[in-house]
Amino acid sequence: MKLHIMLCTAALSGLFSVDMVKADTPAGVRQITVPSKERGTDLDVTVWYPAQAGGAEILLGDTPLFTGTASMRDAPPLAGKFPLILLSHGTGIAGNAQATGWIAAPLARQGYIVAAPNHPGNQSGNKSASETMKLWLRPADFTATLDALKTGTVFRDRIDWKNVGALGLSMGGYTALAVAGARMDQQRLAAYCDTDLRNHSLCEWLAQSGVDLHRMDVQPAALDYRDNRIRSAVAIDPAMSDTLTAESVAGIAIPVDLVNLGRKGDIPRTLQASWMADIIPGARYASIDDANHFSMFAACKAGASDKLKVEGVTEPLCDDGGGRSRSAIHAQLIDMITDAFNRTLKAQ
């Protein structure tokens, strides 16, 4: 009888840690290093998690242009087991793991462990045009991160391994869909910059860097990078979605939530996600009409727009296309993403 009571108590303590995380639970954050066979180098991974009091407050993602997000560095993890979300950043000026703190820290406070790898050669401060276009290495970064978390980190016994999700922003949206089973058509990828109507800034950068997609070996993009440990996926403005094959997208068998930022007629074809929602069984689709693609960046600091103009940046990185503030749009996205993972990873 005593043994039975002890076992029940242990099981309930794990449930309580997930379902009864308080609204004021701190978001802890730690940096870990993950070996990657595919990359031939280590990955820098930022992990946010439900924490106890302690640690030192740190602003992650704070730059002269963008505001950072406060988290508690190396705070003790909260006891219990929590669903895991793998988070993939986009590319460009705000393309790095720490810049995603605006969504990662709130998810941690809601009872999730969030692990975001920096994709080498595809992040602000470490950009390579040719490495950026090796998109198939991104889902491999997710798999390497999962492997490392399960075998040798402080989080191994804190993760509910039956409930793992994938979240991606922009090019990270491709990452989340790829580990769910989506594959690229290599011919479409090779021809992606034959017209600059798809993604003018990306294709201009590739041309300036001397990268010709027709000369690259893009065959690996057509392979299946599904990771069966992933139980649900959320993709926000998934970049290069028009290179994905309908057959592979229709074959995705896990719950998927898709979000576009902007009005239907204004969303570039290469970011359009509604067609995937039409063919993925049970998929959900939503759009935020008064947002745009840059609304997934952190909030801009005062004067950031003027600094960008001085530096010759013409894209409206600090404009959101409507009357609401970026923080208000972020609050809506946080609610949408949290609701999606609550439904798919916590419902049981």
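The residues that line the largest cavity divide into 7 nonpolar, no polar and 1 charged, where Ala, Val, Leu, Ile, Met, Phe, Trp, Tyr, Cys and Pro count as nonpolar, Asp, Glu, Lys and Arg as charged, and the others, Gly among them, as polar. This is a predicted model, in which local features need pLDDT of at least 70 and side-chain atom pairs count only at pLDDT 80 or more, while totals for chains, interfaces and linings use all residues. Residues are numbered from 1 along each chain as its sequence is written, and side-chain values use heavy atoms, with hydrogens and water left out.

**Cavity and pocket**

- The structure holds 1 cavity of 30 Å³ or more, a cavity being a set of points, on a 1 Å grid over the protein atoms alone, where a 1.4 Å probe fits but cannot get out.
- The largest cavity has a volume of about 30 Å³, a volume being the space filled by probe spheres set on the grid points, which are joined across faces, edges and corners.
- Its lining consists of Tyr49, Pro50, Pro77, Leu78, Phe82, Ile113, Phe155 and Arg158, lining residues being those with an atom within 4 Å of a point.
- The largest pocket holds about 1300 Å³ of space, a pocket being an open set of points with protein on both sides within 12 Å along at least five of seven lines.
- Of the 49 residues that line the largest pocket, Asn199, Ser201, Phe294, Glu315 and Leu317 lie nearest its centre, and by class the lining has 21 nonpolar, 18 polar and 10 charged residues.
- Helix H7 gives the most to the lining of the largest pocket, with 6 residues; helices (H or I, at least four residues) and strands (E, at least two) are DSSP runs, numbered from the N terminus.

**Aromatic rings**

- There are 4 aromatic pairs in the structure, where rings of Phe, Tyr and Trp (its six-membered ring) pair if their centres lie within 6.5 Å, and planes under 30 degrees apart count as stacked, over 60 as edge-to-face and the rest as tilted.
- In one of these pairs, the ring centres of phenylalanine 66 and phenylalanine 297 are 5.9 Å apart and the planes stand at 85°, so the pair is edge-to-face.
- Because phenylalanine 66 lies in the loop between strand E3 (56-60) and strand E4 (69-73), and phenylalanine 297 in the loop between strand E12 (284-288) and helix H10 (304-310), the pair ties together parts that are 231 residues apart in sequence.
- Both phenylalanine 66 and phenylalanine 297 are buried (buried means under 20% relative accessible area, exposed over 50% and partly exposed in between, with a 1.4 Å probe and protein chains only).
- One aromatic cluster is formed by Phe66, Phe294 and Phe297, and Phe294 is also among the residues that lie nearest the centre of the largest pocket.

**Charges over rings**

- The charged end of lysine 127 sits over the ring of tryptophan 205, 5.1 Å from its centre, the criterion being that NZ of Lys or CZ of Arg is within 6 Å of the ring centre and within 35 degrees of the ring normal.
- Lysine 346 lies over the face of tyrosine 112, at 4.4 Å from the ring centre.

**Disulfides**

- A search of the whole structure finds 2 disulfides, each defined as a pair of cysteine sulfur atoms within 2.5 Å, and with the bonded cysteines of the chain numbered in sequence order the pairing is 1-2, 3-4.
- Cysteine 193 is joined to cysteine 203 with an S to S distance of 2.0 Å, and this link is left-handed, with -80° about the S-S bond.
- Cysteine 193 lies in the loop between helix H6 (186-190) and helix H7 (200-208) and cysteine 203 in helix H7, so the pair ties together parts that are 10 residues apart in sequence.
- Cysteine 193 counts as partly exposed at 27% relative accessibility, whereas cysteine 203 counts as buried at 8%.
- Cysteine 300 is joined to cysteine 318 with an S to S distance of 2.1 Å, and the torsion about the S-S bond is about -90°, so this disulfide is left-handed.
- Cysteine 300 lies in the loop between E12 and H10 and cysteine 318 in the loop between H10 and helix H11 (326-345), so the pair ties together parts that are 18 residues apart in sequence.

**Positive phi**

- Aspartate 74, in the loop between E4 and strand E5 (82-88), has a positive phi of about 60° although it is not a glycine, and counts as partly exposed at 47% relative accessibility.
- Aspartate 237, in the loop between strand E10 (232-236) and helix H8 (246-250), has a positive phi of about 45° although it is not a glycine, and counts as buried at 1% relative accessibility.
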